[in-house]
Amino acid sequence: MAQQGTKIKRTKSTKAVKIVSYTVIALFSLICLLPFILIISASLSTEGVIAKEGFGILPKGLTLSAYMWVFRYPKMIIGSYVVTILMTVFGTIVGLLIISMTGYALQRKDFPFRNAISFFIYFTTLFSAGMAPTFIWISRYLNLRGSYLAVFLQLLMSPWLIILMKNFAKSVPFEITESGKIDGAGDFKIFISLILPMLKPALATVGLFLALGYWNEWYLSSLYLGSQVDFKPLQYYLYGIINEANALKGSVAGVNVTFSDLPSNTLKMATAVVATGPIIFLYPFVQKYFISGITVGAVKG
Amino acid sequence: MKKNKTGAAAAAAPKKPFLKKLKDSRTLLLMCLPAILFFIVFNYCPLPGVYIAFTNYNFRDGIFGSPFVGFKNFEFLIRSGELWHLTRNTVLYNLAFIVIGNVLQIALAIMLNEIGSKLFKKVSQTLMFLPYFISVVLIGAIAFNILNYDTGALNSLIRATGGNPIKIYSQAGIWPFIILFCNLWQQTGYGSVVYFASICGIDSSMIEAAEVDGATSWQRIRYIILPSLKPTFIILLLFALGGIMKGNFGLFWNLIGNNSQLYSTTNIIETFVYRTMMSQNNFATSSAVGLYQSIFGFALVMFSNWLVKRIDPDYALF
């Protein structure tokens, strides 16, 4: 009888833990999702109603007018899209190639310079010149101010991504490299035809980090591009729309015309949706690799 | 890591002359070359530029032509109290992020582990990850959507219920909480998946044995899962301490920007460095604060790595 009692107690406590877990996780997921709903609803609302009632969870006076304004003078936003997509695609491909080559070489046990080079790369995370000296070096001495290269090049790699790749490559058995050597293949051939195919999860993870870095870039653009380029990368374009009321009118019209009917509140939100869109759709496809990827990275980071 | 070291010793055993080593590994060296060049150009070349911190930099004379002023820039920053103010804000924010962030991440990871339904787990993980994927600019847009005075969702809710709307963008006292919330919103999902993976790595025979012995869920969490997370927690915590002088710059800047009404509670080292350079074109002061951050940060990483090494040498970075 007594045993029966403790057993019921046990299942009760287990049940309580389960209920709390489901509730908290569901609530937290909702909190993560809610802002996105707010933004999308706001972008679909009518400006007049928003001015009177403010933003809410549901769209107020369903309309696509804010989106029509985003694309009313499509040159700017489409130019931004093209710049961002080109940078993301090429940056991810070039970055992945360099990072995987380096990561593979740095974990090769028979590579005598691997510790020296590893430290050379790692040291940059320990001590940096700081924002202003780097800015002066790149804009004044490399003359990259106003050039997309200043943004493109600086996002190609990071010590952290190289270490992540190195850890992945370490899990590929050394025998594979050796078998390639026996067949008389050179190191680069071994890397391309034997190692790269085995690094797929790593390439997906690091590739996603690179793509995110390029897509979400606004900071380097604000330093090096400013208003010197015709087409700003998307997030920097959005940054201007959100933060500067005048930029809003200028960038929508492209000329100095004032629009009394410009839906400034809802337009900001529609631009936010348009600027974010594609990267979120990319995520579910790589999620599987990504979660296993950050786990490896966390073990030794 | 240890295995690796013995491997290195074995490989290095037959001493080769340097040139032979160079020749034998030329392909591997060439494979590393782009990365080496990258770090030379973008990370090592700017280093001599820290000299700016000791000059009265002007654009015409350049880095080494501008008048040398010694420690004047630092003196000014210390005497005005600015350096202390920035350090205090940066450290306090980071401490809050680290402590509250890690506790939340562990709690959520444990709860995620209790979820039986595969679909529920998958959907919730996807949603929890979402904030990590968006740009900080969008977080600024979200904050504007919720917090602005005229049309913000929060104030429209307050108005609808008959309350008095709040001018959030001019009240410095609220912002530490808003920034903390935004940081947690952005980072917690990602961090909890890292901890969750570490829970999945626990020897399942231990948990099964506990279940046979009739342990409740709570007992399982308390006596098996929490203790087994301790090493991961301590290591992550110590490394986070090493980065305590850095900040989540993008988040702070997109929430605050040049809103000077909020500086007293929200100005951190990196926002100061950026603002001084971009808005005031004061490269010397900006460099001085940047150099202070680099040196202090370097010392902190060294210290935390030393601590990690004492606790578990396997996890030390170097």
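Analyst: Helix 11 (residues 200-215) of chain A has 16 residues and reaches 22 Å from its first C-alpha to its last, close to the 22 Å expected at 1.5 Å a residue. Helices are DSSP runs (H or I, at least four residues) numbered from the N terminus, and the expected span is 1.5 Å times one less than the number of residues. This is a predicted model, in which local features need pLDDT of at least 70, side-chain atom pairs count only at pLDDT 80 or more, and totals for chains, interfaces and linings use all residues. Residues are numbered from 1 along each chain as its sequence is written, while chains are lettered from A and ligands numbered from 1 in the order in which they are written.

User: How many of the 16 residues of helix 11 of chain A are buried?

Analyst: A residue is buried if 20 or more other C-beta atoms, placed from the backbone, lie within 10 Å of its own, exposed if 12 or fewer, and partly exposed in between. Among the buried residues of this helix are A:Leu203, A:Val206 and A:Trp215. Helix 11 of chain A is mostly covered, and the number buried is 12.

User: Why does B:Thr276 count as buried?

Analyst: B:Thr276 is found in helix 15 (residues 269-278) of chain B. Beyond four places in sequence, B:Thr276 is in contact (C-beta atoms, placed from the backbone, within 7 Å) with B:Asn282, B:Thr285 and B:Ser286. B:Thr276 counts as buried because its C-beta neighbours inside 10 Å number 22.

User: Where in helix 12 of chain B does a kink lie?

Analyst: The 26 residues of helix 12 (residues 217-242) of chain B should span 38 Å at 1.5 Å a residue, and the end C-alpha atoms are 35 Å apart, which agrees. A bend is the angle between axes fitted to the seven residues ending at a residue and the seven starting there. The kink is about 40° and comes shortly before the proline B:Pro231, at B:Lys230.

User: What distance separates the centres of domain 1 and domain 2 of chain B?

Analyst: The domain assignment of chain B gives domain 1 (2-65) and domain 2 (88-315), with bounds from an automatic or database assignment. Seven residues of domain 1 of chain B are in contact with six residues of domain 2 of chain B. Taken over C-alpha atoms, the separation of the centres is 33 Å.

Notes. Helix = DSSP H or I, 4+ residues; strand = E, 2+ residues; numbered from the N terminus. Contact = placed C-beta atoms within 7 Å.
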